Structure formats: structure tokens, C-alpha cells
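Welcome, and thanks for taking a look at this one. Here is a short briefing to read alongside the model, grouped by topic.

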Amino acid sequence: MKSFKFAAVALMTMAALSAQAAADGVYRGQAMGHNDIVVVDVTVKGDKIADVKIVKSLETPAVSELPKKVIPEMIVENQSVKIDRISGATFSSFAIVGAVRDALAKAGLDLAKFQQGPSHKYLFTVPAQSKADVVIVGGGGAGVSAAVSAARSGARVILIEKMSFLGGNTVLAGGALNASDPALEGLQKMSAGQRAMVDGLLAEEPRNELHRALIASCKAKWDAHIAKTPDVLFDCEELHALQTWKAGDYAANLELVDKLSKLAPNTVKQLASMGFDWNDFSSQYVGAIWPRSHDAKYFTSGQGYIDTYRATIEKEKLPVTIYYQTKAQSLIMKDGRAVGVEAIGPDGKPVKVEATKGVVLAAGGFGANVEMRMKYDTQWDGKLNKNIGTTNSPAITGDGIVMAEKAGAKLIDMGYIQLLPVTDPQNGTVSGVCQGTAIYVNTDGRRFVNEMDRRDVLSRAALAQKGGVFYRMCTVQNSRVKPDGMTTMGQSIDTLIKAGKVVRGDTVEDLAKKTGIDAAILRDTFAKFNDFCRKQTVDPEFGRPSCAPNIPMYEGPFYAELRTPSVHHTMGGVAIDTDTRVIGADGKVIPGLYAAGEVTGGIHGTNRVGGNAISDCLSFGYVAGANAAAMK
């Protein structure tokens, strides 16, 4: 085959290449992407680019999908490397172009020849005017869930997405979905600390009638469980609701919290029926309170949810049309009812989409909008400026919230903004190799917090450490690195180590040396934690309720990763009822307008439980789509 015939050319020394400049062949180039090195093979014929093939790319699947497809085609078609980035996929776009430039240089070609003329930009084509039964704003988890639901209910759907791909924050998240699952969680033992947590919740003085009913129902199930299997981990929908409400300081709408806890288990089953494969164990993500987090078996991060809904649309031939690179600007209101959306299309021209039944807002929160963060924050004393990172997609700028407010919607809980304590200090991303409940050690080598506490507690504790940073540490055996060397976020462990993002130490002393920590102090920290794990009592240092499965720091190799808090989730947004109908400032339902996901408020209170966002957006998204389709 030709690729084998020319393979040797790519390995020639620069001296040999200069002697055979612009020789026909296949030349390999590479450039750094967001996650790892992107590698391409460029076929050169007659001083022209005949073909570009991507050989290796570990970029986030949803984000890099379009650049991987169209940028090589654009380079060949235009004989140019002056290709504008794909919206929202800057790193992937630049990496592909950079790798091609590297290959051309190795071929001995004059790069200036391929940089002449104007830049080339990829644009989708969107009609100026169109109509559907249901119009959805936002293509993240809530939006695609709503699209499947509405289409399955018989509605024609148009989904408006301002980026060039589906996914929103969902594909950047860790991917945990919280749902009570007694059979799955029952595979774990229950510690004395966990038992005390349940007893404490059930002993609370009811704050309203629904709270009273949830406590009573949970207590009946708890008593039956303890009488039969006292050492087995307990869970039920009511416990999920009670823990969620308390973790948000009772500020959330308990009716919405109750609905979420009831919807989540069905969402797990529903995704399984669509072909989604779950791990056969539950885990506990950062700030998840309880080990009810469900993980995908084969997908990285939250990518699997988006892929599953998209595959369902294709497999069932559902009537869903997606307008990419189209930014919603305002809701079209007629006689107090939402009847469509006005937007700006890929070419910068106005786009109008009418909805004969309903509009679903699923545009996400405002975590990437510094101005809105600073305007609304009531929890972080002005610290959420541009100097703090965010885990959010650049698309998450509060567009849907602004649109809804202008249309008369009520906004609630806008001052509640969550930081995720375990992000990359350099770019704020959710990366890394240690699971959520691994131990947190400051730069002096000491633990400083109950690692299973709420995210706001963890973040405040982290910010109080020197430089606002700390190390999350785990063993290689209990890390989130798969046998193929890839993390559950789709990153190469070798690349992370080479880049200095992760430190690997064969022994405690080795780990201490590489992190600049006193070895004696780190040994003492590990010894105290391991003693707690052996005894399975309540952590005497910080009150951690459980060691959690496979966490002990008994023997190496070990991993350590420097972490710091970044803006992660905005709990406030549009007010909705349990049917996801948007509530107006006057307290009345706005006909034809629905909302789901992070664009809404009232579900999480002052602090979101880790793993509840995926449950929220997918579950309420499905409700919103079905209800919008049923609107008359």
C-alpha cells in the first residue's frame, strides 16, 4: 500500500529531507492539543497537499468531532493552512492545523505558499425562517434529552445550538449520575459514620409537611433495612431527597428535589434501554454525600450521554433538526405565550424559528460569564472575577436566563454559585486521575478537611491553604486510570505525567520528594488515614464518615495532582414547577415556555450535591420535552 511505501519518508533526517525537498510522500506532523499530542499524516504530491489523515487524537470527542472531519478537508480543498478555528473547539482546531504545518515543514515545502489569501471558515447553513412543534435552545444534556422526549411524543423538533457541536457542559463533566439504587449500592458495606448520617437526617424536626412525609417514608424503609441487613449500604429515593435538600441548606424547592430523586432511577433505566452501559458498581464523586453515583462503563466523562441520545435520534429516525452555530437572542412572545425564538445564524444574519406547541430553554447556567458571576454572587466575597478559572464550556454565559427574564420569567437563587475544589490550577479543567474521595493533602503534607464533605466546604478549606492549592493523592490501584493508560476523562496518564499535571511516586518517600513535601510528615498522614480505614470508624481528625472502598494509602505506586477550586455550577436561574413550566415574575405559569438543566433554579439550593447535575438535566430535560410536545 502507498502508506507503507512512503512511511520511511516521514522518518528521514532533516538533512535528507533538504536534499529531497518537496518529494512526493507521506509526512507525519504533530502538535499539542488540549488533552495530548495530535498526530497527522499529510500526503504530498507535486508540491500540493493531496490528503490529510488524523492518526492520533485524544481530544474531547464531542468538541473535536467537527474539526477532525472538516479541517483536513478544508486544508486539501483550499491548499491552505489559514483555517479559522471551529467555534468552541479552539485547541483541537489549532492542533490539527499545527500538526499539518509541522508535516509540511518536514516535507521541505515553503509554508508561505500555504498561508496566502484570506482565512477559510467553516459555516453551517441555517434557513432564515422555519417552524417546528417544539423549539429547544441549547444542545447539552438537558437539550438533547428534551429533543428525544419531544420527538418520541410525536413532535417535530428544531434544536438551536450556538456552538459547532452538541454537548454543552455535559461532555466536560465527570459524568456521574446520582440515583438511588439499593441493589447496586447494596454491594457495599455501611460504615458507622454513614449509619450516623442517616440517623441524624431522620431525627431532624420537619420543616414542612413534605419534609415530614419524606422522613416518615425513609424511616420505615430504614428500619426494615436495619432489621434485615444492618451492615449493608442503605439507600432510597427519600434519602436522596433528604440529603440533597440538607446539603443545599434547605434553600431549594423541596417539591423539585423530591421530583428529582424520583425521576433519577428511571433515567438510569431509560438510558440502559437506549444502549447505554453502566458500571456494575456505584461510586461517590466529589461532594456527592453518598455512594450513589452511577458511571458509564465505556464512555469518557459525560460524552456517553450525548452520544446515546444522538444515536437514539438516528436509530429511531426521530424528527429532530439541529441548527449549529446559531445563537438564540430572544423569545418570541404573543399574547403572553412563548411561540418561538429569534437568533443569529452562522453567517451573522437573523434567524426566526416558530414553535407551534412550546419552547424549551436548556441553555445552561452562567459559569463562564464573569460579569454575571460578579453581579449575582452572594457567597464568595467578590472572588469570582477573571482571576479564577472555570470548568465550564465558553458557551455557558447565561443566554437563556437573560432571554427568559426579558420575557417575564422569575429568577431565583441567582447568588448561589458553586466552586469545584479539585480542578487544574492552570486551566480550571476537570481532569486528573484520583477518584473523588481520595485524600486531600496540603503542600505541607497534612490532610485539612473531610474529603467527603460538601463542595462549598471543600472549596473554602482548599482556598485557605497556602496559595489556595493542595494535592489530591491516591494509589495507582484505586485511581481512575484504565488498563490502557487512559483516564476516565479521556487523557493519557503518560502525557499528564510528562506535562507535570500528575506526579507518580513508587514509595511515600519518592512521592514526597517529587512534590516537595517532608517525607516524615507525609508518612504520618498516610499512617493516620490508614488506621482510620482499618478500624472503619468515624475519622478522628476531620469526621469523615467512611474510608470508602479501595481508598487506603497502604502501598505504592502513588499519584499526586495539584488542585485548586474553580467556578463550576450556578444553582440559580429560571423558576419552574415540577412539570418544568417556567414561572413568571407574577407567580403565574408562562404558557408554552419550559426549562430544564442549569438554566433553572430552585433544585439545588445554596450548594449542589456532586453527581446531581447530570440527574437534573437529563431527567427534567425529558420531562420538559414531553410536556412541550403535549402543549395545545
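**Disulfides and their surroundings**

Cys434 is buried, since its relative accessible area is 4%, under the 20% cut-off. Bear in mind that this is a predicted model. Searching the whole structure turns up two disulfides, and Cys434 belongs to one of them, with Cys474 as its partner.

*The link of Cys434 and Cys474*
- The sulfur atoms of Cys434 and Cys474 lie 2.2 Å apart.
- This disulfide is left-handed, because the torsion about its S-S bond is about -75°.
- It links distant parts of the chain, 40 residues apart: Cys434 sits in the loop between strands S13 and S14, and Cys474 in strand S15.
- Cys474 is also buried, at 1% relative accessibility.
- Ser479, in the loop between S15 and helix H16, has Cys474 among its contacts beyond four places in sequence, along with Val433 and Tyr559.
- Ser479 counts as buried too, with 13% relative accessibility.

*The link of Cys533 and Cys547*
- Cys533 and Cys547 are joined with an S to S distance of 2.1 Å.
- Here the value about the S-S bond is 80°, and the link is right-handed.
- Cys533 is in helix H18, while Cys547 is in the loop between H18 and strand S17.
- Both Cys533 and Cys547 are buried.

*Helix packing*
- H6 (residues 141-152) and H12 (residues 303-315) pack with their axes 9 Å apart, at an angle of about 25°, so they are roughly parallel.
- Their crossing is left-handed.
- The contact involves five nonpolar, three polar and one charged residues.

Technical notes:
Residues are numbered from 1 along each chain as its sequence is written. This is a predicted model: local features need pLDDT of at least 70, side-chain atom pairs count only at pLDDT 80 or more; totals for chains, interfaces and linings use all residues. Side-chain values use heavy atoms; hydrogens and water are left out. Axes are lines fitted to C-alpha atoms, for helices over the stretch in contact, and angles run from 0 to 180 degrees between N-to-C directions. Helices (H or I, at least four residues) and strands (E, at least two) are DSSP runs, numbered from the N terminus. Angles under 35 degrees count as roughly parallel, over 145 as roughly antiparallel, 65 to 115 as roughly perpendicular and the rest as oblique. A crossing is left-handed if the near helix is turned anticlockwise from the far one by less than a right angle, and right-handed if clockwise. Ala, Val, Leu, Ile, Met, Phe, Trp, Tyr, Cys and Pro count as nonpolar, Asp, Glu, Lys and Arg as charged, and the others, Gly among them, as polar. Buried means under 20% relative accessible area, exposed over 50%, partly exposed in between (1.4 Å probe, protein chains only). Contact means heavy atoms within 4.5 Å. A disulfide is a pair of cysteine sulfur atoms within 2.5 Å.
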